[in-house]
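Hi,

Here is the structure I promised to pass on to you. Have a look at it first, and then read on for what turned up in it.

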Amino acid sequence: MRYIRVQPAGPLQGSVRIPGAKNSALALLAASCLADDIVRLEGIPELDDMRQIAGIAQGIGLRMTRCDNGDIELDPRYIYSATIDPGKASAYRASYYFAGALLAKFGRVTIGFPGGDDFKSRPIDQHMKAFEALGAKVTLHDDHYVVEAAELKGADIYFDMITCGATINSMLAAVRARGRTVLYNAAVDPEVVDTATLLCQFGARIYGAGTRCIRIEGVPYLNGGIHTVIPDRLVAGTFLIAAGVTGGQVTVQDVIPEHLSSCLSKLKEVGVEIETGESSITAYGSGQVKATRIRTAMYPGFATDLQQPMTALLLLARGKSIVTDKVFPHRFNHVPQLRRLGAEIEQRKESAFIRGGRPLIGDWVHATDVRAGMALVLAGLVAEGSTRITGVEHVERGYSDIIGSLRSLGASLSLHEQDAEAGQFGYGCV
Ligand SMILES: CC(=O)N[C@H]1[C@@H](OP(=O)(O)OP(=O)(O)OC[C@H]2O[C@@H](n3ccc(=O)[nH]c3=O)[C@H](O)[C@@H]2O)O[C@H](CO)[C@@H](O)[C@@H]1O
Ligand SMILES: C=C(OP(=O)(O)O)C(=O)O
């Protein structure tokens, strides 16, 4: 059993370079299947989900190579199969992008259901609705679904709620469809814009990405090309929050500050000073944190993916804070784990109620999902004694070399393969 051990080491100090965004990279890699020539992607982070994609690529004949300089080169000209093994598809969330991309290119795709973090309910009905609107037939089986169409035809698609995944997937499916598709109530996330930018560079005709209405004029052919993935706003936000937690000074470099607007506003609200450069942000924690309310929303609202790290910060604020997650109302598996560290925090319905300022004391805790894991790491940075976090594989889904990066800022944490103490007392997994 692997675990991360964290010990308090005072305020974090220094700067970190932010890697490419996981959630954008996952869309861009699948989108590359749509091209009719070689694609080179710069800045794709080294994360477990990318290794899952490499497995999918191998299974369908998509040639995918990590070059010496870290770029990923994809050659989609030899794809011979549009069938993706259910186990591979369910190994991560964004496998659904292969459904849109392969449907558009081959008129048929067989693929397993998506996996990813477990928030009880993560439907993909809007993806299916969009495929059907474009003329496809969707058939659900036990562990996979089949989407097929004799021909995809442009359509008007109105999303019932704002969804980043379905917006991107619909773009992928529509980009080679005959005629015009209009996506209404579309997500405006940077990942949507990044994917549209890549596709337009290849010759797609997508207008309005980044607004609530996206128009796509289908094209029969897409070139290859080179594209650099946007920086990971969620990783950047986590490091800035870490400055607040430890009362330190952390600069994140190579970021697009506008992508973090809602996070920066909240950090300022709770007393973290923020200085923004053209492509960098510095957070100055004062050691004093003010209680607040947070309500997640789709971009540009406060990101659900930063809700859990931010909760760790609010444990330090004297007074009552309330964190409400409207996007994923069950995203609170970190709450009982934080309680093990001494936090006074309670979950009711879609909210966590925090009475901050209680001393945190290290213990064994378990990460159930990527950002829950980071919330535990952040709490561990200020908890007395050692905090040991199992479920490391979840943290690794979203943060490459988190241990190295935090250590470079002065944190004390290490990765362990096993622990006699945990085995002896049998409480390694909580
Ligand atoms: C791989 C990836 O990019 N993951 C991100 C993506 O997840 P994911 O693609 O699952 O999230 P969506 O943006 O699609 O979901 C937004 C909201 O719409 C709902 N919904 C979505 C699709 C659908 O068909 N039906 C439906 O009801 C969801 O339950 C959620 O309440 O966006 C989330 C919200 O920013 C982030 O937390 C995830 O990190
Ligand atoms: C929820 C997340 O990831 P996924 O959608 O891949 O499960 C996340 O990155 O916080």
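Let's start with ligand 1: by class, the shell around it holds nine nonpolar, six polar and four charged residues. One thing to keep in mind throughout is that this is a predicted model.

Which residues come nearest to ligand 1? Out of the 19 around it, they are Asn23, Gln126, Thr163, Cys164 and Gly165. If you want to find the place by secondary structure, look for helix H1 (22–31), helix H5 (125–133), helix H6 (164–174) and helix H10 (304–314), which are the elements giving two or more residues to that shell.

Where they touch, domain 1 puts in 17 residues and domain 2 puts in 18 residues. On the domain 1 side of that contact, helix H13 (residues 392–398) supplies the largest share, with four residues. That side of domain 1 has six nonpolar, four polar and seven charged residues by class.

Now back to the ligands with the domains in mind. The shell around ligand 1 takes at least three residues from domain 1 and at least three from domain 2. And where does ligand 2 lie? Both domain 1 and domain 2 give residues to the shell around ligand 2, so ligand 2 lies between them. The residues surrounding ligand 2 are Tyr92, Arg93, Ala94, Gly116, Asp117, Asp305, Val370, Arg371 and Gly398. Sorted by class, that shell has three nonpolar, two polar and four charged residues.

Last, the insides. The largest nonpolar core has 73 residues, and Tyr97 and Leu172 are the ones with the most contacts inside it. Helix H4 (residues 96–106) gives this core its largest share, eight residues.

Cheers

Notes:
Residues numbered from 1 in each chain as written. Chains lettered and ligands numbered in written order. Predicted model: local features only at pLDDT ≥ 70, side-chain atom pairs only at ≥ 80, totals over all residues. Near = placed C-beta within 6 Å. Nonpolar A, V, L, I, M, F, W, Y, C, P; charged D, E, K, R; others polar. Domains from an automatic or database assignment. Core = buried A, V, L, I, M, F, W, Y, C linked by C-beta atoms within 7 Å. Buried ≥ 20, exposed ≤ 12 C-beta atoms within 10 Å, placed from the backbone. Contact = placed C-beta atoms within 7 Å.
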